[in-house]
Amino acid sequence: MADDAFIDEWIRTEGPRAVAYAMTLLRDPAVAEDEVQEAFVALLRHREQYDLARDGRKLLYTAVTNRCRNVIARRRGHESLGDDERGAGLTDRRAESPLDAAAAHELSDRIDAALLALPERQRAIVHLSSLGWGLAEVADVVGVTPNNAGVLLHRARRALAEALGPFLDEVKS
């Protein structure tokens with residue numbers, strides 16, 4: 001069983017990362033924070049049964065993934081995942097001209113659209129991989145084999161390249 005000091009540090013370090021991950025799935029900061037908090041509460045309620053020092057990260061992300069899937073399933077048919085302000089705060093504020101700012105905003109919108117077009121599992125795998133997780137860890141959280149996680153990551157990258165390639169070629173010229 002983990003002690004209180006470990007629990008405090010675990011929540012402090014993993015909490016923001018878990019919220020960022022939930023945001024990639026839900027696109028709603030308030031709901032993402034709520035779901036991560038509920039995942040922490042559920043794990044801490046049963047901390048005697050878990051080795052949080054060893055498995056806490058995996059358990060947390062699995063719980064967050066499952067909670068986010070439930071939210072998405074409840075939303076399906078009621079609202080689109082794209083109904084929020086996805087581009088808010090993603091513009092490169094260092095842009096020197098209005099043209100640069102417009103191009104940065106358009107790129108942000110296209111990246112968001114390309115990510116939202118990916119199936120949920122592929123989007124989760126892309127995000128966790130971008131955080132530096134290995135395929136075995138990602139596979140555990142998402143509920144697939146490591147080989148399948150690699151295939152899904154490859155497909156997601158290919159889909160993103162296809163979706164963003166024309167825009168990036170246009171920006172280069």
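Some ground rules. This is a predicted model, where local features need pLDDT of at least 70, side-chain atom pairs count only at pLDDT 80 or more, and totals for chains, interfaces and linings use all residues. Residues are numbered from 1 along each chain as its sequence is written, and side-chain values use heavy atoms, with hydrogens and water left out.

Aromatics, then. Rings of Phe, Tyr and Trp (its six-membered ring) pair if their centres lie within 6.5 Å; planes under 30 degrees apart are stacked, over 60 edge-to-face, the rest tilted. That rule gives three aromatic pairs. Take Trp10 and Phe40. Their ring centres are 5.1 Å apart and their planes sit at 85 degrees, so this pair is edge-to-face. It links distant parts of the chain: Trp10 is in helix α1 (residues 4–26), Phe40 is in helix α2 (residues 29–45), and they are 30 residues apart. Helices here are DSSP runs of H or I, at least four residues, numbered from the N terminus. Both Trp10 and Phe40 are buried, meaning under 20% relative accessible area with a 1.4 Å probe, protein chains only; exposed is over 50%, partly exposed in between.

Next, Tyr21 and Tyr61. Their ring centres are 5.5 Å apart with planes at 55 degrees, so this pair is tilted. Tyr21 belongs to α1 and Tyr61 to helix α3 (residues 52–75), 40 residues apart. Both tyrosines, Tyr21 and Tyr61, are buried.

Buried or exposed? Glu14 counts as buried, because its relative accessibility is 7%. Contact means heavy atoms within 4.5 Å. Leaving aside neighbours within four places in sequence, Glu14 contacts Phe40, Arg57, Leu60 and Tyr61.

On to the core. A nonpolar core is a set of buried Ala, Val, Leu, Ile, Met, Phe, Trp, Tyr and Cys residues joined through side-chain atoms within 4.5 Å. The largest one has 40 residues, and Tyr21, Leu60, Tyr61, Val64 and Leu128 touch the most other members. At least two core residues come from each of α1, α2, α3, α4 (98–117), α5, α6 (135–142) and α7 (146–172). Val64, with neighbours within four places left aside, contacts Ala18, Tyr21, Ala22, Val36 and Ala39.

Last stop, α5. This helix (residues 120–130) is mostly covered, with eight of its 11 residues buried. Among them are Arg123, His127 and Leu128. After α5 comes Gly132, with a positive phi near 95 degrees.
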